[in-house]
Amino acid sequence: MGGLLAAAFGQAPAATLNVNVSDADGKPLLDAVALLDPAAGKAPVKPMADVEISQAKRQFAPRVTLVTVGTKVSFPNFDTVRHHVYSFSPTKTFELKLYAGVPNLPVMFDKPGVAVLGCNIHDNMAAWVVVADTPWFARSAANGRARIEGVPPGNYRLRLWHAGLGPGIEPAAVAITVGAADAEHHAKLAVSSAP
């Protein structure tokens, strides 16, 4: 089925889906994640290359990282202090015990979902890794716009996530149809104050 789905997607002209994400008050949301799943079947995804989440000034950068299943992420430490990076999330559990510089091995994110990152030494450090099992995804900019390119016409489920939704909360998926022309979709998320 996956091969037939991929073949069908490969033959159709692709469109761009612009998703405008705002909070309940209509303010644009930075770092909202839009994931587009085919209504039927699955589309193949490939791991991404050269992804890193650095630590500098006792903060993770970026705070939200969007990767595909199977992607390896490195965690360079540019601070003069050592960090202990961890995640106890079901999506990915790991610990990089106290270190400076760059750990020898990157961490592979092999399951879809959201992994919350922290540092055992600096409690104010937090970041999120959103692991996508679809090739169509985007993270919103400061203007709340997430741009998903190369979407073949068809029926999809649009899922939206933001760290302000709180742990373990995933909003309901919205059914949408993408045609051959570029499209706009507006969505509001009931998020708490920005984390």
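**Strand pairing, loop prolines and salt bridges**

In strand β7, S74 is the bridge partner of E52. The model in which this pairing occurs is predicted, so that local features are taken only at pLDDT of at least 70 and side-chain atom pairs only at pLDDT 80 or more, whereas totals for chains, interfaces and linings use all residues. Residues are numbered from 1 along each chain as its sequence is written, and side-chain values rest on heavy atoms, with hydrogens and water left out.

The protein chain contains 1 helix and 17 strands, where helices (H or I, at least four residues) and strands (E, at least two) are DSSP runs numbered from the N terminus. Of its 195 residues, 44% count as buried; here buried stands for under 20% relative accessible area, exposed for over 50%, and partly exposed for values in between, with a 1.4 Å probe and protein chains only. The accessible surface of the protein chain comes to about 9900 Å², and 56% of this belongs to carbon and sulfur atoms; the areas were computed by the Shrake-Rupley method with a 1.4 Å probe, and for residues only the protein chains shown count as cover. Among contacts between residues at least 6 apart in sequence, 66% join residues at least 24 apart, a contact being heavy atoms within 4.5 Å.

The pairing of E52 with S74 belongs to an open sheet of 3 strands, arranged in the order β3-β7-β10 with mixed pairing. Its edge strands are β3 (51-52) and β10 (107-109), each of which pairs on one side only; two strands are taken to pair if DSSP finds at least two bridges between them. Strand β3 and strand β7 (residues 71-74) run parallel and are joined by 2 bridges. In general, the strands of a sheet pair through backbone hydrogen bonds, in either a parallel or an antiparallel sense.

Another open sheet of 3 strands has the order β14-β1-β17, and its pairing is likewise described as mixed. Strands β14 and β17 (183-189) stand at the edges with a single partner strand each, so one side of each is left without a neighbour in the sheet. From one strand to the next, the twist averages 20°, with axes fitted as lines to C-alpha atoms (for helices over the stretch in contact) and angles running from 0 to 180 degrees between N-to-C directions. Strand β1 (residues 15-23) pairs with β17 in the parallel sense over 7 bridges, and within this pairing A183 of β17 is the bridge partner of L17.

When residues up to four places away in sequence are not counted, P47 touches T68, V69, G70 and T71, and its C-alpha atom is separated by 7.6 Å from that of V67, 20 residues apart along the chain. The C-alpha atoms of P152 and A14, which are 138 residues apart along the chain, are separated by 4.4 Å.

The structure holds 8 salt bridges, each defined as a side-chain nitrogen of Lys or Arg within 4 Å of a carboxyl oxygen of Asp or Glu. One of these is formed by D31 and R139, with the closest N and O atoms 3.4 Å apart. D31 lies in the loop between β1 and β2 and R139 lies in strand β13 (residues 136-139), so the pair ties together parts that are 108 residues apart in sequence. Of the two residues, D31 is buried, at 16% relative accessibility, whereas R139 is partly exposed, with a relative accessible area of 37%.

A further salt bridge brings together the side chains of D37 and R157, at 3.2 Å from N to O. This pair links distant parts of the chain, as D37 is in strand β2 and R157 in strand β15, 120 residues apart. D37 is buried, with a relative accessible area of 3%, whereas R157 is partly exposed at 37% relative accessibility. Both residues also belong to a network of salt bridges that links D37, K42, D133, R157 and R159. The side chains of R147 and E149 likewise meet in a salt bridge, at 2.8 Å from N to O, and R147 is partly exposed, with a relative accessible area of 45%.
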